[in-house]
Amino acid sequence: MARRTTARGVVAALAVLTVVAGPGPLVGTADAGDGTGSAALATEKVFQSDRYQPRADRLYSAGADGYLHAQEGRSGYLWTSYATGTTTELGELSRLELAGYLGASSDIVTDVVSPTQKVVLRDLSSATSADVTLTHGTYMATYGAHVLTQAQDTDGSRTLWLYGGDAPAEGTLVDGWPTGITSNFQVLGGDSGTAVVGYALGGAQHLALVDLAAAKVTGDVTVSAAPAGVALSADRLVWYPSGITPVAHVLDRGDLTAPGTTVTLPGTEGTPSVGIAGGWLVVARTVPSDPSDLADESGEQLMAVPVTGGAPVTLLRHANSSVVPAPDGGLLVVGGADAGHWAVRRVTDTGAATPALTGLTAVPPMAAKITRLSLENGTLATDEADSSFMGAFYTRPIAADGTPGTRTWQKWDGLDTGPYATGDGRAVTFTADADPAGSYVQSVDRNDQAGFFYLPSAAGTLLDVTGRYAVVNGSSPSKQYVGDLGVYTDLQPVLTRSVTAASVWGTSLWTPGSGNGVVTARNLKTGATATTVSTGAPCVPKELQVVSRWIYWSCGTGGTAGVWDRTAKKNIPVPSGQVQLGDGYLVRQDTTTGTLLLTAFADGTATTREIADLPAGTSGGRGTTWTVDKFGGPVAYVDAENRIHLVSSGVATQPLSAVESETTGNAGESSAADSPWWQWRGLLSKPAASWTATLTSKATGAVVRTLSGGAVQGNLTARWDMRDAKGALVPNGTYTFTVTIPPADGSGRALTVSQTVKVSDGAAARHDFTSAGSWAPDGTGDILTLSSSGTISYQPGTGTGTLGKAMSASGWPASVKLVPFGDLNADRRNDILVRFSSGELRVYRTMLGQAFLTSTPHTSLGKGWNQYDVLTSPGDISGDGRPDLIARNSATGAVYLYKGTSTGKLSARVKLYADWKTYKKIVGVGDLNGDGIGDLVTQDQSNNLYRYLGTGKGTFSARVKLSSSWGGSYDTVIGAGDLTGDGKADLLSRDTSGNLWRNNGNGKGAFGARTKIATGWRGYKGIF
């Protein structure tokens, strides 16, 4: 919540007073944003982390129109109006820790010019003042418009004098005041018309009620102990002795001699303060130095108990010790749920089951002390000393426009050093540890499954971090370690080397090379030297920082420094010192003047301007009191009041890029059976306004899915669940992922990244069982072959119309007939029907990445299948999404349909045609015309080729002739699925010479000219 500011210098009616715009009437606390703003930071942003302990705000008196108080962070005393919330600064006032010393029960504030000569009564309601000359004794208190002093007679007796109101200017003795009081008395409380005075006489303790208008004692009672405090209402006088849990004595104000009642004050620690609100005693307490509940450092509970006794109730979870009576019979207190909801509140007795609380004025929280800060790619990580009852690490998002998001507690700071934002949304700390396992870098997020690595050094310093890679200079032993924060298992450094200057950007570690000015970049993923740059530096750099195209080098403190522009291939001289590099600029602290200086160099020339005056004596430097967001973001610093400032660099950023990226997925894992996914993650070089990604089928060219998102800072992760826009799993195959990412600051072009996605856990594609590379389905049609020795082989299609290396399994009977089938049991793997010489037909559930073994799980579909001389699957012809089987009876020529069922078997047959003996080949070819329904081709005895298109209703349309004199030399014709990677069903044929031919489907129900793709296939007994 941003700290409230004051507008000073408004002249009040009284020349000595200044009216300021204070916290104002109580309203809801302004919460931080969610950090999702999209525009670039234009103006400086100022905000704070709230201190856990609320701002101190002590109440002294309450009048009809306002109240007197003193507030932490503001000098002197303050008068705040109930109606407007306007606060008048009264300046410093002389004060003793005595009840009513500054006035009570009215809008009059007493300025004690001299306790023995003069006080000034300032009526803040009417903006008038009156001088009161003290002619007797020493000033004690003011109640309403009445001033009380304590004088001493010649015999040593203490007397009570009254001034103001209708009293004479020289004052008047209080009538009925006891004689013989030889020790000082105390004014303990009262209201605008009555003062309660405690005194000792004859070894006894007394309380006297003094009528201020009449200037006389109207009641006196002996009490059993010296009162620590009193409370007065219209009908009751309450007093209580000192102690943590004292008993309060409730007396009838009209008859102090009448028997009273006692009430134990609620609470168990701290010193109580008590007030009366109607029929309730309201109790606030001070916070002890070591409260039993650390949460009570914000304040003990504010509690109330009936004046007649009974169970106490809690009014506020936390409150300070102020309890001040108001003229209306209520009380003013200060408290709330926490520092962000702290307020001055009125307590009244409405006759309900508990007293009523009414908010008057918000008390703004104090800013927490920031002991370290780091800002990268919109993640602000801080170490805050007093945001909670112990020091802790926090993170909060910072939007591209500088809007701070909600702060998140991460963990107690303990012995860790940090935090260090990494730029990918993570923040880490370094912990020195002499344990044999060594020191370690770890994420502050306890739920982060990665974000950790050990280093075999007992101590060290984190030198640099970008994204997943962090560089630590170990000191025992003295080695430099680079760790990968993105791994989950191997928690050791990926690189150990001698300590030199070093910086990491993306996957590149930049270090000094051989010779002056030479720096090299090592690819941390491959270990290879990526590039070597000669910066022109006259030394071996003692410090390196790399951001985007910029390489900052320095010859050491006070030495030469420059920035090498990798794009323009030129060196730009810049100031040296305590420097932090940004995108096109650097920031340094002038420790002599305390100023923060920004040097811009993106245009090739260094120009410097002052951006901040740091608090006097600031020596912590970068990472402690100021930092730079090198991912195209602002400068952040902490001011003298612990507020955080975000300042734009004013420098145009480089075009948006992916600093580091990777693709991951769960292909082949058990989880892919239910929830397959693939994702691209890229660490962006600066904030993005939004992103849109498309998944396009390589086979068809159609966009099957569009993904999108809003503003992003740090890692952009686009995850695809392998489904199309309708929620159906896409067919296995190759897809192109293209993501377009416009920058949030509008500087430079949108970033476009493309990746190839191999889907193998999607919906089964026709005739696809394996692939030549991973052995996983790839969307390309595959061939099954059977040798005379009983070896069945997958002959995987390459996607270019040819076949790859075979995957074979022996042990099968050479007499089997194979029917490559679709996914009959909905496990997203194509099945294979196998008919044995016994006439039994089995459905085999193929296994990912395995040859077609005899042990492949299977289910029997019954016997009697030898009656058919044709068994072929055109795909789904009934429109239910399941593969179907076409069978021809060898004796009659009748053609039957067996539909696939939801139980993974086949339904009872349905006759489609009475006699198809005229056809020597009937081939299920899949979807020929792109309507999603399976089709047939047939070859008659005259070698005419016909097409039968499926209707989607379990039948076929009338035949259409495709070709004459076709395939007379072919002994085998199969529908092989998509062999060429264009998404269209193709034909594969073998002639009697053993040549293998391919006819490409055109997607319109026909085929192109044949192409020979292999020879020597005569040896196969069967091709399926």
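## First stop: Leu 316

Select Leu 316: it touches Gln 301, Leu 302, Val 333, Gly 335, Gly 336, Arg 345 and Leu 357, leaving out residues up to four places away in sequence. Contact here means heavy atoms within 4.5 Å. Leu 316 lies in strand β26. Helices (H or I, at least four residues) and strands (E, at least two) are DSSP runs, numbered from the N terminus. Is Leu 316 buried or exposed? Leu 316 is buried, with a relative accessible area of 9%. Buried means under 20% relative accessible area, exposed over 50%, and partly exposed in between (1.4 Å probe, protein chains only).

## How to read the model

This is a predicted model, where local features need pLDDT of at least 70 and side-chain atom pairs count only at pLDDT 80 or more, while totals for chains, interfaces and linings use all residues. Residues are numbered from 1 along each chain as its sequence is written, and side-chain values use heavy atoms, with hydrogens and water left out.

Colour by pLDDT, the predictor's confidence in each residue, from 0 to 100. The protein averages 93, and 96% of the residues score at least 70. Then select residues 1-38: their pLDDT is below 50, and this stretch has 98 contacts in the model beyond near neighbours in sequence. Where pLDDT is low, the predicted coordinates should not be read in detail.

Go to the second largest pocket, with about 1,000 Å³ of space. A pocket is found on a 1 Å grid over the protein atoms alone: it is an open set of points with protein on both sides within 12 Å along at least five of seven lines, whereas a cavity is a set of points where a 1.4 Å probe fits but cannot get out; lining residues have an atom within 4 Å of a point. Grid points are joined across faces, edges and corners, and a volume is the space filled by probe spheres set on the points.

Select Arg 58, Ala 99, Leu 188, Ser 273 and Val 323: of the 44 lining residues, these lie nearest the pocket's centre. Strands β4 (57-62), β15 (186-190), β19 (227-232), β20 (236-241), β23 (272-277) and β26 (313-325) each supply at least two residues of the lining. The lining divides into 25 nonpolar, 16 polar and three charged residues. Ala, Val, Leu, Ile, Met, Phe, Trp, Tyr, Cys and Pro count as nonpolar, Asp, Glu, Lys and Arg as charged, and the others, Gly among them, as polar.

Select Tyr 552, Val 574, Leu 586 and Phe 601. Of the 26 residues in the largest nonpolar core, these touch the most other members. Such a core is a set of buried Ala, Val, Leu, Ile, Met, Phe, Trp, Tyr and Cys residues joined through side-chain atoms within 4.5 Å. Which element gives the largest share of this core? That is β47, with four residues.

Zoom in on Val 574: beyond residues up to four places away in sequence, it touches Tyr 552, Ala 561, Gly 562, Val 563, Leu 586, Phe 601 and Ala 606. Another core, of 25 residues, lies apart from the largest one; among its members are Leu 656, Ala 688, Trp 691 and Leu 751.

Select Ser 685, in the loop between β58 (678-684) and β59 (691-697). Ser 685 is buried, at a relative accessible area of 9%. Its contacts, not counting residues up to four places away in sequence, are Phe 631, Gly 632, Pro 655, Leu 656, Ser 657 and Val 659. Ser 685 also lines the second largest cavity, along with others including Trp 505, Asp 583 and Lys 630. That cavity has a volume of about 40 Å³.

## Backbone stops

Select Gly 418 and Pro 419: the peptide bond from one to the other is cis, with omega near 5 degrees. Pro 419 lies in strand β34 (residues 417-421). Next, take Ser 476 and Pro 477, whose peptide bond is also cis, with omega near 10 degrees.

End at Ser 105, in the loop between β7 (87-91) and β8 (108-114). Its phi is near 65 degrees, a positive value in a residue other than glycine.
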